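Hi,

Here's the structure I promised to pass on. Have a look at it first, and my notes follow below.

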Amino acid sequence: MTARVLIVDDHASFRSLARRLLVAEGFDVVGEAGDAADAFVAVRSLAPDVVLLDIRLPDLDGFGVAEVLAGDEDAPAVVLVSSRSRGDYGPRVDASPARGFIAKHELTGDALRDVLSGSP
C-alpha cells in the first residue's frame, strides 16, 4: 500500500518540490497546507497516513502541531522537516511525538521510508 502524505510548509516552493520528489518515488501526496490551521483541516478531511511537517510555521510551530495531532485516535505518522539541522532543536525532536526528523536538503523517498520504518 502506498503511503498517503500531507505536506505542511509555509513555503509553496518547498511544498511543490517535496510533492514532485515524493510522487516520483512512489508516495501518494494527497494535499498541502501552508500553516497549522490549514494542516488540522487537511488532516481531518484527507486522513493522510503521514504528515511531512515543517517545524517553523507562522501560526504554531511543528512541535505544537505534532502534539495536537498525537491526541487524535487515528493520528497520522508525523515526520518533522526543517531547513535547519536536527541538532539546532536540541532534545525537542526526541521529546516530540513525531516519528522522526529529516533536514529538507536530505529529503528523499528512501529517507522518508527509513524514518517511517524506524531505521536510523
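Phe63 is buried, at 6% relative accessible area (buried means under 20%, exposed over 50%, partly exposed in between, with a 1.4 Å probe and protein chains only). Before I go on: this is a predicted model, where local features need pLDDT of at least 70, side-chain atom pairs count only at pLDDT 80 or more, and totals for chains, interfaces and linings use all residues. Residues are numbered from 1 along each chain as its sequence is written, and side-chain values use heavy atoms, with hydrogens and water left out.

Searching the whole structure turns up two aromatic pairs (rings of Phe, Tyr and Trp, the last by its six-membered ring, pair if their centres lie within 6.5 Å; planes under 30 degrees apart are stacked, over 60 edge-to-face, the rest tilted). Phe63 and Tyr89 make an edge-to-face pair, with 5.8 Å from centre to centre and 65° between the planes. Phe63 belongs to helix H3 (62-70) and Tyr89 to the loop between strand E4 (77-82) and helix H4 (92-95), so this pair ties together parts 26 residues apart in sequence. Helices (H or I, at least four residues) and strands (E, at least two) are DSSP runs, numbered from the N terminus.

Tyr89 is buried too, at 9%. With Phe101, its ring centres are 6.3 Å apart and the planes are at 55°, so that pair is tilted. Phe101 sits in strand E5 (100-103), so here the parts tied together are twelve residues apart in sequence. Phe101 is buried as well, at 11%, and the ring pairs link Phe63, Tyr89 and Phe101 into a cluster.

What sits over the ring of Tyr89? The charged end of Arg84 does, 5.1 Å from the ring centre (the cut-offs: NZ of Lys or CZ of Arg within 6 Å of the ring centre and within 35 degrees of the ring normal). Likewise, the charged end of Lys104 is over the ring of Phe14, 4.6 Å from its centre.

Phe14 also turns up in helix H1 (12-24), whose buried residues are Phe14, Arg15, Ala18 and Leu22. These fall within an arc of 100° seen down the axis, so they line one face of H1 (the arc is taken over directions from the helix axis to the C-beta atoms). On the other side, Ser13, Arg20 and Ala24 are exposed. Just after H1, Gly26 takes a positive phi of about 95°.

Cheers
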